Amino acid sequence: MLPARNGGRYTEDFLLEVFNILFGYIQKTFTGKSKVLDFHHPHQLLEGLEGFNLDLSDQPEPLEQILVDCRDALKYGVKTGHPRYFNQLSSGLDMIGLAGEWLTATANTNMFTFEIAPVFIIMEELIIKKMHELIGWREGQADGIFSPGGTISNLYSVLVARYKFFPTVKTKGMAALPRIVLFTSENSHYSFEKASAVLGIGIENVVPVACDDRGKMIVSDLEEKILKEKEQGHVPFYVSATAGTTVYGAFDPFSEIADICEKYGLWLHVDAAWGGGLLLSKKHRFKLNGIERANSVTWNPHKMMGVPLQCSAILIREKGLLQACNQLCAKYLFQPDKQYDVTYDTGDKTIQCGRHVDIFKLWLMWKAKGTSGFELQVNKCLENAEYLYKKLKTRDNFELVFPDEPEHTNVCFWYIPPCLQGMPKDREWNVKLHKVTAKIKARMMEEGTVMVSYLPLKEKPNFFRMVISNPAANKTDIDFVLEEIERLGHDLKL
């Protein structure tokens, strides 16, 4: 094949066959008749399945086998674009986004200089400006960069905030700083503890703030904990609020939290990895009121906007901070005497050197859908979540984890099998209910017809957390999930 001489014909035949495999997979994903997954245990995959062997060989294998491997790698994986896949915050398979990913892989370039990625660098600048506008920041005053996922975007926010308050950390390290602490809700993403571990701040210096029954940060508890840390001689510097918590989909009271941050001079970050997409909806964007007062925002278009993984942005309200925090001026990359405007060389804003082109698929989708198309997509997902919530309220064998209507598309519930109905809801009942959800999920994986995640939270036994971010999902898929959970769990004996 290319670049071998006379390899054009073989390359074309091979790539067309790969396309046929991909298109067949896509068609199966959306027919509704295929399974979400064909489950096999790790030992089965390691041992090999019907001609699909994961072991590496010393000698090259024929292209026919490579095509079989391409097909089987998809066959035994999870169809995350399937309309009955409700397991993660990111799901769906957008055709324009997929085309963008193919073109990105074909270009195979890097995002650190305009010199080698001129079109993509400009696309990123324009998209980031658009995201600033949607947040409510003034044009020309903010900055941002696309990063490898929400965890890294959140890490950037802590890194830049620390540099803002303690710029000597860049040269002197943490030994030159007092004991600094940051605050985040007890329902926030674990990435803030991870960032603190990576940056040398320490997990013990991440102070959890209590939440109410709906999962929102309690602002009075935040202020009390800030004052307590100050009394102990520690230095508070950062607060993270959440727009769409991972489990409940809750939105913290951003304006009230911003008041506290201004009062005590703290950096306010909003982790809108999951909830940022609601900024595109005139109907739902009020849930993020106050986000414009944040110093930084994480936003993952690969979640509610349906962009293929991965696509995450860290947005900083103060221009120049990203550059100052991370710049090292490597002379073999960032020469100041280039023939173009070198301010478009974004590589020194990042903690990476090589950076994948995540922007093209998002830009292409935005061109294809328009902002109004994304709005319709977001609204549909929230309408489906409302339908699920109302459906659950009418069914005696299901119970909502909390009674309020969901703010986002997270809907949390238990299935109560016949063997537990009518029993007193005491400690023993909770222990049995905890087992119910895990047993149903095990059967669900074996059957492969749907995928819904589950977890415990505090004193609550395991419950299902169903999230809707796939525009291909509709009300019949939601009905099917409830019927399937009932089918899989009705005969449980505990």
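Domain bounds are taken from an automatic or database domain assignment. On that basis, the protein chain divides into domain 1 (110-356) and domain 2 (366-489). The structure is a predicted model, in which local features need pLDDT of at least 70, side-chain atom pairs count only at pLDDT 80 or more, and totals for chains, interfaces and linings use all residues. Residues are numbered from 1 along each chain as its sequence is written, and side-chain values use heavy atoms, with hydrogens and water left out.

Helices (H or I, at least four residues) and strands (E, at least two) are DSSP runs, numbered from the N terminus. Two strands count as paired if DSSP finds at least two bridges between them. Seven strands build an open sheet in the order β2-β8-β7-β6-β5-β3-β4, and the pairing is mixed. The edges are held by β2 (143-147) and β4 (206-209); each has a single partner strand, so one side of each is left without a neighbour in the sheet. From one strand to the next, the twist averages 20°. Axes here are lines fitted to C-alpha atoms, for helices over the stretch in contact, and angles run from 0 to 180 degrees between N-to-C directions.

Strand β3 (residues 180-185) pairs with β4 in the parallel sense, over four bridges. Within this pairing, F183 has V207 of β4 as its bridge partner. Helix α8 (residues 191-198) packs on the sheet and touches β3, β4, β5 (235-242) and β6 (267-272). The direction of α8 makes about 165° with that of β4. Contact is defined as heavy atoms within 4.5 Å. Helix α10 (residues 254-264) lies across β5 and β6 and runs at about 155° to β6.

A second open sheet has five strands in the order β1-β11-β12-β10-β9, again with mixed pairing. Here β1 (85-86) and β9 (398-400) stand at the edges. Each has a single partner strand, so one side of each is left without a neighbour in the sheet. β9 and strand β10 (residues 411-415) pair in the antiparallel sense over three bridges. F398 has Y415 of β10 as its bridge partner. α12 lies across β9, β10 and β12 (460-466), at about 30° to β10. Helix α14 (residues 475-489) lies across β1, β9, β10, β11 (451-457) and β12, and runs at about 30° to β10.

The contact between the domains was examined next. The C-alpha centres of domain 1 and domain 2 lie 31 Å apart. Domain 1 gives 29 residues to the contact and domain 2 gives 28 residues. The area buried between domain 1 and domain 2 is about 2,400 Å², with 61% given by carbon and sulfur atoms. Buried area is the accessible area (1.4 Å probe) that two parts lose on being put together, summed over both. R214, Y248 and M304 supply 27% of the area that domain 1 buries against domain 2, more than any other three residues.

Polar pairs also link the domains. Between domain 1 and domain 2 there are 13 residue pairs in polar contact (both at pLDDT 80 or more). A polar contact is a pair of N or O atoms within 3.5 Å; within protein, one must be able to donate a hydrogen and the other to accept it, and residues adjacent in sequence count only if both atoms are side-chain atoms. Three salt bridges are counted between domain 1 and domain 2. A salt bridge is a side-chain nitrogen of Lys or Arg within 4 Å of a carboxyl oxygen of Asp or Glu. By this rule the count comes to 30 salt bridges. E186 and K458 form a salt bridge through their side chains (2.6 Å, N to O). K349 forms another with D143, the closest N and O atoms being 2.8 Å apart. K349 lies in the loop between α11 (321-326) and α12 (359-393) and D143 in strand β2, so the pair ties together parts that are 206 residues apart in sequence.

Some backbone features complete the description. The peptide bond from L2 to P3 is cis, with omega near 10°. P3 lies in the segment before α1 (8-31). N6 is found in the segment before α1, and has a positive phi of about 60° although it is not a glycine. The peptide bond from L309 to Q310 is also cis, with omega near -5°. Q310 lies in the loop between β7 (296-299) and β8 (312-316).
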